[in-house]
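Come and read along as I look things up.

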Amino acid sequence: MLNHKSVLVEKPSTLSSSHIQELCNLSKANQVFFMEAMKSRFIPMVDELKELLNKGIIGHIKLIENAFCYDMPYNNQSYIYDKNQGGALYDVGMYNIAMIIDLIPLPLLDMKVEYEKQYDVDVYDKVILTFDGCQAVLEMATMRDYNTNMRIVGDKGFITCSPFYRPTEIIVNYDNG
């Protein structure tokens with residue numbers, strides 16, 4: 001950016017909000033493009049999902065649940081277990097969070113976090129976000145083989161997507177189950 005070159009950077013682009021603000025300011029000052037490489041935002045089926053939600057196919061969104069959990073045995077050479085840059089939140093949690101930001105354009109009212117640490121990193125996180133009229137529940141893990149699905153519950157039905165961060169399947173159900 002100092003050389004007036006645009007930058008596309010791997011996630012996480014920084015490990016702190018102050019560092020990301022510095023990069024954003026540098027991008028603006030040098031009039032160059034800067035973006036974290038969040039590939040999930042460019043998946044065609046994500047656009048289809050947004051269209052369905054904008055049409056109100058399941059009514060008003062009440063709840064979104066998504067999970068990105070996998071089992072990665074401990075390896076002290078892996079960045080996932082590096083105490084400064086590792087953990088479930090830094091590795092996969094940004095996919096969970098980015099999807100919620102893209103689907104719920106409301107101000108955040110409250111946040112609750114539960115987590116489990118091993119080897120000096122978070123190996124499991126459960127984040128509950130409360131917005132005006134809806135809630136999001138996100139789970140991410142590096143030591144639990146769970147799933148990578150999303151469920152969006154509205155007042156007229158629900159949608160399931162799998163895997164949520166690059167969906168290959170969207171199923172619409174017209175009941176509140």
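Below are my entries, topic by topic.

**Ground rules**

I am working with a predicted model, so I noted that local features need pLDDT of at least 70, side-chain atom pairs count only at pLDDT 80 or more, and totals for chains, interfaces and linings use all residues. I number residues from 1 along each chain as its sequence is written, and side-chain values use heavy atoms, with hydrogens and water left out.

**Entry: strands β4 and β5**

I began with a pair of strands. Helices (H or I, at least four residues) and strands (E, at least two) are DSSP runs, numbered from the N terminus. Two strands pair if DSSP finds at least two bridges between them. Strand β4 covers residues 108-118 and strand β5 covers residues 121-131; I found them paired in the antiparallel sense, over 10 bridges. Which residue of β5 stands opposite V113? I looked, and V127 does.

Next I turned to the hairpin that β4 and β5 form, with 2 residues between them. Y119 in this turn has a positive phi of about 55°. D120 lies in the loop between β4 and β5 as well, and its phi is near 70°, a positive value in a residue other than glycine. For context, I wrote down that most residues other than glycine have a negative phi, and most peptide bonds are trans.

Is D120 buried or exposed? I use buried for under 20% relative accessible area, exposed for over 50%, and partly exposed for in between (1.4 Å probe, protein chains only). D120 counts as exposed because its relative accessibility is 54%.

**Entry: a nonpolar patch**

I then looked for patches, which are made of residues with over 30% relative accessible area and no salt bridge; like charges are joined within 9 Å, and nonpolar side chains (Val, Leu, Ile, Met, Phe, Trp, Tyr) within 5 Å. A salt bridge here is a side-chain nitrogen of Lys or Arg within 4 Å of a carboxyl oxygen of Asp or Glu. Accessible areas come from the Shrake-Rupley method with a 1.4 Å probe, and for residues only the protein chains shown count as cover. L108, M111, V113 and Y115 form a nonpolar patch on the surface, and together they have about 430 Å² of accessible area. I checked M111 and found it in strand β4.

**Entry: strand β8 and its neighbours**

How many of the 5 residues of β8 are buried? I noted 4, so β8 is largely enclosed by the rest of the structure. Strand β7 (residues 150-154) runs antiparallel to β8, joined by 4 bridges, and a hairpin links the two through 3 residues. V153 has F158 in β8 as its bridge partner.

On to β9: 5 bridges join β8 to β9, again antiparallel. I159 has V172 in β9 as its bridge partner. The hairpin of β8 and β9 has 6 residues between the strands. P163 is found in the loop between β8 (158-162) and β9 (169-173), and the peptide bond from S162 to P163 is cis, with omega near -25°.

P12 sits in the loop between β1 (7-9) and α1 (17-29). H4 lies in the segment before β1; its phi is near 60°, positive in a residue other than glycine. H4 counts as exposed because its relative accessibility is 53%.

**Entry: rings**

Rings of Phe, Tyr and Trp (its six-membered ring) pair if their centres lie within 6.5 Å; planes under 30 degrees apart count as stacked, over 60 as edge-to-face and the rest as tilted. I count 8 aromatic pairs in the structure. Y74 and Y81 make an edge-to-face pair, 5.1 Å centre to centre with 65° between the planes. Y74 is partly exposed at 40% relative accessibility, whereas Y81 is buried at 5%.

The centres of F164 and Y165 are 5.7 Å apart and their planes stand at 85°, so I wrote them down as edge-to-face. F164 is buried, with a relative accessible area of 0%, and Y165 is buried at 12%. F68, Y95, F164 and Y165 form one aromatic cluster.

**Entry: charges over rings**

A charge sits over a ring if NZ of Lys or CZ of Arg is within 6 Å of the ring centre and within 35 degrees of the ring normal. The charged end of R144 sits over the ring of Y124, 3.7 Å from its centre. R151 has its charged end over the ring of F158, 5.0 Å from the centre.
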